[in-house]
Amino acid sequence: MTDTDKDFKYIFSSVAPHTTEYTKNARQTALQHLEALNLPTTKHEEWKYTNLKNLHKEEFTTSFSLEIDENTLKSMSIDGLEDAYKIVCVDGVFYAKYSNVPQNIEILSFLEAEKAGKLDNLFSSVASTENDYFNALNATYAQEGIYIRVPKNTQLDKPVVVFHLTDNQTHNKAVLVRNTIVSESGSEAKIAQIYQTKGNKTAFVSEVSEIFVAQNAFLDCYKIQNEEAQVYRVDTTQVHQSTYSRFAMTTISLKGALVRNNLNVQIDGEHCETYMNGLSYLGEKSHFDHHTLADHRKPNSYSNELYKGLFDGNSTGVFNGKIYVRQDAQKTNAYQQNRNVLLSENASIYTKPQLEIWADDVKCSHGATTGKLDETALFYMRARGISEKEAKKLLLKAFAGEILERIQIEPLKEYVETLIS
Amino acid sequence: MLSIKNLQARIEEKEILKGISLEIRPGEVHAIMGPNGSGKSTLASVLAGKDQYEITGGEVRFLDKDLLELAPEERAGEGIFLAFQHPVEIPGVTTTNFLKTAMNEIRKYRGLEPLDAVQFLKLLKEKAKILQMDESLMKRSLNEGFSGGEKKRNEIFQMAMLEPRLAVLDETDSGLDIDALRIVAEGVNKLKNSQNAFLIITHFQRILDYIQPDFVHVLFDGRIIKSGGKELALELEEKGYDWVKAEAAV
């Protein structure tokens, strides 16, 4: 064990989780796994292009912010979504008093949910800790985050917008956030999570979300990752889908020092629909690593993935998307596309689309392209009087538009458009 | 209006234009004809400001400005329009949005206020009618999935919207069936006036039945080897290019 591994494992060890018998066992298992694991290095195949070594240089503490000031609260708002259901979390801590929680769904802090036994049989059930350092770390020590349950046959009339603020104004901090979302059968909901920061100290966030989409349930999720350059984030979203369910996740990645997203969907029912959309628009030294998995376990389901990236400055993108079709999953339709544009000489993208198919009657395709902005199109536009700057803007907007069109919450789409223009 | 003197240009190491001279005055229609590889499209691209070409000699003046010093968008601002031989597809940008941006950028260049949405749409409808453009095409991504004919017609439609002082039509007629050709030609004729000029680059005499040129030039091997009136086009159609080449060689 190196010194650096020691840091993360022991930084949280003073925390004493409150547990039920179920979560106590799950946490103990996670701890055993954690003890056998080391912080991944680039020698690890899944971490080949994402180097965590800069994390070692920082000292982190685990103390939280206890108050939010007025201005910060005001910044947690999206035009046109003022009357949406609002959840405010600072460093993972759920602030019920600043939130506007709908009556017909259940939203609790992670700790409340754990104490009440709401997490029994769910906690750490799909986000495996066995070979995953961060999942194990998170499952062992996480105390904050939210629990959302959309009850059976409930159709939410308005989206739930979760504002996650990382408050790094006063000191470097390390935060573990644990979310659980349960979409019960026949329910329909849209949940958007907006990630922001305040302050310029360094923060490390490990966030694990376990999402359960029951039979006939529709869940439409969004993540807008817009944290300032001092945030290191490892985000794992582990989804379980049952028969006739539909799940969509659209990830918009704009700012952050180093962000690793793991989005894994177990398509564990027939006639499911799964959509994974991603747009990265990065500059400066941002490094974003998207690992996705569409794990087809049962026949007759459909998955569609489109990740697009625009990389400027010295930014780096990694896309590692896998379609896995198990032997039972006949008649699977699975599609994956990754398209990238490099806007600067110093930007880079590592892309690795993967297909692993064990069934023989499936329709699958995948592909990846990387290029520059279309020079012919630029010239065409300029020849019509459009300045080079404006022409580039139009082309970028058009490129991003394909993902933005998939955002089913109009004000959120406009919000993202403003962020990227 | 446009004055080209001894223009020479190359792409990489290959000389393509070897000394072209041409004067175009307001109200005139010029046709440039010539076999494949004679440099016709290069001339069009050089006028529009495509930077793959290196200008190795000569000069081009447009309304008393040194055209070769201007960026492509500035040339458009001055009033030059190129109808592309191969119009570019731009996914995600609608024809309407594209044209509105172009118009207002040109207006900005000329120190004019931008058109508001109402004025713009009125103009759009008016011009779409002239070219019998299906208005549903305007809402689609620019040229994406358009047929060859629709693309060419869209070029002339854009020309009608932007009202250039000098329009260069680079083989706009190729790929058009006779009905589409007639519509395009009518569009050009309606836009023609004593203040503007047209340079029509073509392989075929056919388009010149509908748009009467004042001058016809034969381009061969990077040079204009013969100029004449519209009867020259008919003669070329009938006899091919060999006799002109032979005459030029003498």
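The domain contact and its surroundings

Modeller: Between domain 1 of chain A and domain 2 of chain A there is 1 residue pair in polar contact, both residues being at pLDDT 80 or more; such a contact is a pair of N or O atoms within 3.5 Å, where within protein one must be able to donate a hydrogen and the other to accept it, and residues adjacent in sequence count only if both atoms are side-chain atoms. This is a predicted model, in which local features need pLDDT of at least 70 and side-chain atom pairs count only at pLDDT 80 or more, while totals for chains, interfaces and linings use all residues. Residues are numbered from 1 along each chain as its sequence is written, chains are lettered from A and ligands numbered from 1 in the order in which they are written, and side-chain values use heavy atoms, with hydrogens and water left out.

The count of salt bridges between domain 1 of chain A and domain 2 of chain A is 0, a salt bridge being a side-chain nitrogen of Lys or Arg within 4 Å of a carboxyl oxygen of Asp or Glu. On the side of domain 1 of chain A that touches domain 2 of chain A, the elements giving two or more residues are strand 7 (188-198), strand 9 (218-226) and strand 11 (246-255) of chain A; helices (H or I, at least four residues) and strands (E, at least two) are DSSP runs, numbered from the N terminus. That side of domain 1 of chain A has 9 nonpolar, 4 polar and 3 charged residues, where Ala, Val, Leu, Ile, Met, Phe, Trp, Tyr, Cys and Pro count as nonpolar, Asp, Glu, Lys and Arg as charged, and the others, Gly among them, as polar.

The bounds themselves, 8-268 for domain 1 and 375-421 for domain 2 of chain A, come from an automatic or database domain assignment. The C-alpha centres of domain 1 of chain A and domain 2 of chain A are 31 Å apart, and their contact (heavy atoms within 4.5 Å) takes 16 residues from domain 1 of chain A and 12 residues from domain 2 of chain A. Together the two domains of chain A bury about 1,100 Å², 82% of it on carbon and sulfur atoms, buried area being the accessible area (1.4 Å probe) that two parts lose on being put together, summed over both.

Turning to the chain interface, chain A and chain B bury about 1,900 Å² between them, 69% of it on carbon and sulfur atoms. F379(A), Y380(A) and R384(A) supply 43% of the area that chain A buries against chain B, more than any other three residues. The contact draws 16 residues from chain A and 29 residues from chain B. Across this interface of chain A and chain B the rule finds 2 salt bridges, and a salt bridge joins E73(B) to R382(A), with the closest N and O atoms 2.6 Å apart. There are also 8 residue pairs in polar contact between chain A and chain B, both residues of each at pLDDT 80 or more. Helix 6 (375-383) and helix 7 (388-404) of chain A are the elements giving two or more residues to the side of chain A that touches chain B, and helix 6 of chain A provides the largest share, 7 residues. By class, this side of chain A has 9 nonpolar, 3 polar and 4 charged residues.
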